[in-house]
Amino acid sequence: MRNYLVSLFVLFSGYSVAQITPAKYQEPVTFTVQQDHQNMMDQLGIKSLRPGPSGNESAPNHANYDESLATPYPDLPDLLTLRNGKKVTTPDIWWKQRRPEIVEDMEKEVYGRLPEKIPAVKWTVDISEREMVGFMPVIAKKLTGHVDNSEYPLVDVNISMVLVTPANATGPVPVLMMFGMANLPAPAQPNQDELDLINQAFRKLLSERDPEVKAIFDKYLAYTPITRSTPAFPFGGIGGQANANADPPSAQQLIAAGWGYATIDPSSIQADNGAGLTKGIIGLVNKGQPRKPDDWGSLRAWAWGAARGLDYLETDPAVDAKHVGIEGVSRYGKAALVTLAFEDRFAIALVGSSGKGGATLHRRNFGEAVESLTGSGEYHWMAGNYLKYGAAESTFGVGNAGQMHVDSHSLIAMCAPRLTFISYGIPEKGDAKWLDQKGSYMATVAAGAVFKLLGVKDIGVSNDYNTEIMPPHNTSMLDGELAWRQHDGGHTDAPNMKYFIEWASKKINYKPVEQGRR
């Protein structure tokens, strides 16, 4: 009888746990992209959005590339005028009054707010080994940032990052963190004797398990099933060389200059689609529920993740944590600029071909449009409130970019006086007109007023964005803390890397040769 009662107790205890656990943690909402997009439209009272333009110039709804139609809203919000109309005449007024106004508008209407409570991240070093980048020895570390999900275990977030520093450095080095795949440059492999031993064991194991496999091995006695792997980029490094005359990959250039680099995987922080907004760090904080209109989007989430990566770098003695930069191209160029603007511990940014949502003016109607960002393919980058600027029918009327209290020049100005390098290529080589290089140049020109106010140099022109003419490509405007260069390559910042390294090293007074690191 006693055993029977014990069995009943165990049975009902298990039943209770099974019933309590799901009730405590509500399952994440599973939306398609279209469902999540519609949910945000419903929250905002938007009945319909204007469709974004096509990148195909032969399509009926192709993007505008006529400069005479490109500036329907020619006047940008004045960076040096407070909301109350008073002028910003000193750095103190900028820091205490004007910049907070801009940050508020950016968070509420464009990129979203960080939640008040975000779980902590605990970093672990999974692999640390000596590798090679080019012909240079490095210390490569594979890291994972485990986000505390104890309050909502149904969403798991593990940030993936790799850190690579010169093995022969005699002190901490500046590091450029780059958004992208977090792969070790050239993982250490068994030597030939060890590889022979592995192959012998492998052949023996398979032969004993399968007579047909044994017959194949007996036929090819010299065959070795396992061979030394070749790195994706020979000798390590990010980005291959298109031809013998091309610059070395960016990673090789950084290591050769005495810098380190880190790669951080944005997809390990937050998915790059609307269906993923109830997962990743956004979903974890929201406990699997859809966003509210002023919640953060993927760009802000990626920036948050980069800042958590910087948390680790601040603990690594190989890193000069006061001189950590952030880099990205295309959507990750947007993320790099957002990171520098909102995360003030980053000292430098290389912003590559970032387009709308990055350095290009929202008010410009040239190539990628506001309606592109409010559509179902890109809206997840932004705060939900941003959809209002693409509204065709809504409870508040028609929305447009001219109603914004800020623009991309405001985002660049938020970076001041830190080192900000705006990079583009040329359409002829694949950096499409869609990106509106001129719109980014205009924003850079306008943002220069704040750099000057704060006592540093801009790109060396007036701040009249409507009259300044974008210079020919391969013109280096690199004298100031704000820099511009349009290279003669495609949709990449690689051709500008050597210029970036020289510019940044000079600005932070970094001279690795004198420290014996080359």
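What follows is a chat about the terms used for this structure.

Student: Before anything else, how do you know how far to trust the coordinates?

Tutor: This is a predicted model, so look at pLDDT, the predictor's confidence in each residue on a scale from 0 to 100. The protein chain averages a pLDDT of 92, and 92% of the residues score at least 70.

Student: Which residues have pLDDT under 50, then?

Tutor: Residues 1-21 stay under 50, and the model has one contact beyond four places in sequence for them. Residues 514-518 also stay under 50, with 16 such contacts in the model. Where pLDDT is low, the predicted coordinates should not be read in detail.

Student: Why is L350 called buried?

Tutor: Buried means under 20% relative accessible area. L350 has 0% relative accessibility, so L350 counts as buried.

Student: Where is L350, and what does L350 touch?

Tutor: L350 is in strand 8, which runs over residues 348-352. Leaving out residues up to four places away in sequence, L350 touches I326, E327, G328, A336, F421, S423, D493, M497 and F500. As for G274, that residue is 76 residues from L350 in sequence and 27 Å from L350 in space, C-alpha to C-alpha.

Student: And H362, buried or exposed?

Tutor: The cut-off for buried is under 20%. H362 has a relative accessible area of 3%, so H362 is buried. You'll find H362 in the loop between strand 8 and helix 10 (370-374). Its contacts beyond four places in sequence include V110, Y111, M382, Y386 and D407.

Student: Which residues line the largest cavity, and how do they divide?

Tutor: The lining is T71, Y73, P74, L76, L361, R363, R364, M442, Y465 and N466. They divide into six nonpolar, two polar and two charged. Arg counts as charged, so R363 and R364 belong to the charged group.

Notes: Residues numbered from 1 in each chain as written. Predicted model: local features only at pLDDT ≥ 70, side-chain atom pairs only at ≥ 80, totals over all residues. Heavy atoms only, no water. 1 Å grid on protein atoms, 1.4 Å probe; cavity = no way out; pocket = protein on both sides within 12 Å on 5 of 7 lines; lining within 4 Å. Contact = heavy atoms within 4.5 Å. Helix = DSSP H or I, 4+ residues; strand = E, 2+ residues; numbered from the N terminus. Buried < 20%, exposed > 50% of the residue type's maximum accessible area, 1.4 Å probe, protein only.
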